[in-house]
Amino acid sequence: ITKCLAVRNMLPPEITNEDQIAISSNAAWRWYTNLRNERLSYLAMGDMVRLITENIAGRKRVPKRKKLWIYSAHDSTLIGLMCAFRLEQPTEWPEYASFLKIEVLTAADEKEYYLRFSLNGKLLKSYLEKNDDEKGDPHSIIPLSTLQ
């Protein structure tokens, strides 16, 4: 709430800009910490993740389907999605009017779809698919099948 108030220059005078940044950073830390829990993330975002992945998978089965989906949501939903997709997470609350872009890429043989994520134009890597030889390093692109 303080972030929205700050953007509109409506913070109460007793809350300084430094206070607002501290409040926002603490709120982001709490949200990210809670939603990094796989079960909590599933409970909070499972339906939306399923909707997104089903739309993408439907495009794979019927190539002439829509090429663009736009979902509108609150900043807290962006945090939930970033946690559900196990994306690298910023240390701060998403900026006002932030957007999470999910690009769908196709292999040359068009048998597999891959996803690439970015927040406000900044690439976010995912920890969803880890191989033993990679020691848990995040990936820039993940197969859609990882989410199904």
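Student: Is E103 buried, exposed or partly exposed?
Tutor: In this predicted model, E103 is partly exposed, at 25% relative accessible area.

Student: And which residue does E103 form a salt bridge with?
Tutor: That's R116, and the closest N and O atoms of the two are 3.0 Å apart. The pair ties together distant parts of the chain: E103 sits in strand β1 (residues 100-106) and R116 in strand β2 (residues 113-119), 13 residues apart.

Student: What about the accessibility of R116?
Tutor: R116 has a relative accessible area of 27%, so it counts as partly exposed.

Student: OK, how many salt bridges does the count come to?
Tutor: Two salt bridges. The other is between R50 and D47, with their closest N and O atoms 2.5 Å apart.

Student: Where do R50 and D47 sit?
Tutor: Both are in helix α3 (residues 38-61). They're three residues apart there, so about one helical turn separates them.

Student: Which accessibility class does each one fall into, starting with D47?
Tutor: D47 is exposed, because its relative accessibility is 61% and the exposed class takes anything over 50%. R50 comes out at 33%, so it's partly exposed.

Student: Switching topic: which residues form a nonpolar patch on the surface?
Tutor: L40, Y42 and L43 do, and together they have about 310 Å² of accessible area.

Student: Where's L43 placed?
Tutor: L43 is in helix α3, the helix that also holds R50 and D47.

Student: Why does L43 count as exposed?
Tutor: Because its relative accessible area is 55%, and the cut-off for exposed is over 50%.

Terms used
Residues numbered from 1 in each chain as written. Predicted model: local features only at pLDDT ≥ 70, side-chain atom pairs only at ≥ 80, totals over all residues. Heavy atoms only, no water. Salt bridge = Lys/Arg side-chain N within 4 Å of Asp/Glu carboxyl O. Helix = DSSP H or I, 4+ residues; strand = E, 2+ residues; numbered from the N terminus. Buried < 20%, exposed > 50% of the residue type's maximum accessible area, 1.4 Å probe, protein only. Patch = residues over 30% accessible without salt bridge, like charges linked within 9 Å, V, L, I, M, F, W, Y side chains within 5 Å. Areas by Shrake-Rupley, 256 points an atom, 1.4 Å probe, with all protein chains shown as cover.
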